[in-house]
Amino acid sequence: MPNEGEGAHPLFAQRMERLGVPATIAMAQRARNLRAQGEKVLSLALGEPDFATPPAVIEAAHRAALDGQTKYPPVDGTPALKDAVIRKFARENALDYAPAEIMVSNGGKQVIFNAFMATVQPGDEVVIPRPYWVSYPLIVQIFGGTPVYADCFEADDFRLTPAALEAAITPRTKWLVLNFPNNPTGGTMGRDDLEALAEVLRRHPQVHVLSDEIYEHLIYGGQRHVSFAAAAPDLKDRILTLNGVSKAYAMTGWRVGYVGGPKALIRAMTAIQGSATSGICSISQAAAAAALDGPADIIAQMRAVYARRRELVVSTLRRIPGLTCAMPHGAFYAYPGVAGCMGRTTAGGQFLKTDEDFAIALLAEQHVAVVHGSAFGQGPYLRLSYATSDEILKESCARIARFVEGLS
């Protein structure tokens, strides 16, 4: 970012030089720009459910507004929502939290921001499995921390291995970020996998864990999600368990994330939030409470649709020469490899040196928006969201096939 101030008093802080635009947002903007020119663009770039928020949740928000729940809410969340979160953690995750160990934020991203602002200083390291959601390293770097990457590979279904974790930890490591089910790969971790990671962490008592479980309900093939704090209860006082209503209940725009964790850390995070945004929208909190206490069949219906779409997308991509695609076991993303397309030239004359070249040329020539895997730390891959209609997915995959067929 250019610094408009000159001399001894520049306008922008140096941290702005570490703040980039997430590739997911950048690619979505490219698609919008092309669509504004009249082109029919199909976007698989953003991870947002295409379902409507359940009617009962909207009705609960309406009732809350009519009942006068329109005043400033508590910074850490309304008692009604915190109680619903406590019930949810106990019912679904076998985790017991007291009210002082719970806070509510403006989406899951603010939970991460609050936690790292409260704890990360220059020189601190944060271990992040790679591929990673783009915001994790960006937030770490804002506060002067250093992301350290533990690689996860397609051959391991993109799981984090104990050996990779052990190799990444140093005396300067303060946090480990876990995001399973994973964005961008759809990788998952079973109880045995998590217990193996816990064995590593017991040897490194300085390391805290941010377990981002926002996709917990989107697991396929009969698997069940296990919270890291439930798999390693002796480490619970070092674990933040992050979740929210955006993915499971199709409530991305309501902006409700929540977290359970050690009382002192929750208190510090609440203090930061109090100086930044204060409490989040009271109407959104009423809606979130209704979602968490509502019937589970809504989630099951959405999951069944995603499971069918997953099969559609992966089976189609696997038939395209030059592409590989691991079967994602969770979330709503496919992460196909495009190594077989590198070093070739598109029908439009674009030489493909990187997966970013592939993504940009695919948008320009076939009007399909995806995100290149190197933006998530590991290429040459693409991230495709299948949280959209069957028709869009079928046509998008057909266009990708045409694009690859045209390579020379």
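Predicted model: local features only at pLDDT ≥ 70, side-chain atom pairs only at ≥ 80, totals over all residues.

**Stop 1**

Switch to cartoon view and pick out the strands. Seven of them, 7 strands in an open sheet, run in the order β2-β8-β7-β6-β5-β3-β4, with mixed pairing. To find the edges, select 102-105 for β2 and 146-151 for β4; each of these pairs on one side only. As you step across the sheet, the twist averages 25° from one strand to the next.

Now zoom in on residues 173-179 and 208-212, which are β5 and β6. In which sense do β5 and β6 pair? They run parallel, and the pairing covers 5 bridges. Show Asn179 too: aspartate 212 of β6 stands opposite it.

**Stop 2: α4 against α9**

Select 107-119 (α4) and 263-276 (α9) and hide the rest. The two axes come within 9 Å and cross at roughly 105°, so α4 and α9 are roughly perpendicular to each other. From α4 come Gln110, Val111, Asn114, Ala115, Met117, Ala118 and Thr119, and from α9 Leu265, Ala268, Met269, Ile272 and Gln273. Colour by residue class and this contact shows 8 nonpolar, 4 polar and no charged residues.

**Stop 3: α11 alongside α13**

For another kind of crossing, show α11 with α13 (residues 390-405). Their axes come within 10 Å and cross at roughly 10°, which makes α11 roughly parallel to α13. On the α11 side, select Arg308, Arg309, Leu312, Val313, Thr316 and Leu317; on the α13 side, take Asp390, Leu393, Lys394, Cys397 and Ile400. By class, the contact of α11 with α13 divides into 6 nonpolar, 1 polar and 4 charged residues.

**Stop 4: the largest pocket**

Time for a surface. The largest pocket holds about 640 Å³ of space. Which of its 29 lining residues are the closest to the centre? Centre your view on Gly47, Lys109, Trp133, Lys247 and Arg255 to find out: those are the ones. Helix α4 from Stop 2 gives the most, with 4 residues. Overall, the lining has 12 nonpolar, 11 polar and 6 charged residues.

**Stop 5: the second largest pocket**

Move on to the second largest pocket, with about 330 Å³ of space. Of the 13 residues lining it, the closest to its centre are Glu216, His217, Arg224, His225 and Arg303. Helices α3 (79-93) and α11 (297-318) are the elements that give two or more residues to this lining. Which element gives the most? It's α11, with 3 residues. Split by class, the lining comes to 4 nonpolar, 5 polar and 4 charged residues.

Terms used. Residues numbered from 1 in each chain as written. Heavy atoms only, no water. Axes fitted to C-alpha atoms, helices over the stretch in contact; angles between N-to-C directions. Parallel < 35°, antiparallel > 145°, perpendicular 65-115°, else oblique. Contact = heavy atoms within 4.5 Å. Nonpolar A, V, L, I, M, F, W, Y, C, P; charged D, E, K, R; others polar. 1 Å grid on protein atoms, 1.4 Å probe; cavity = no way out; pocket = protein on both sides within 12 Å on 5 of 7 lines; lining within 4 Å. Points joined across faces, edges and corners; volume = space filled by probe spheres on them. Pairing = 2+ DSSP bridges.
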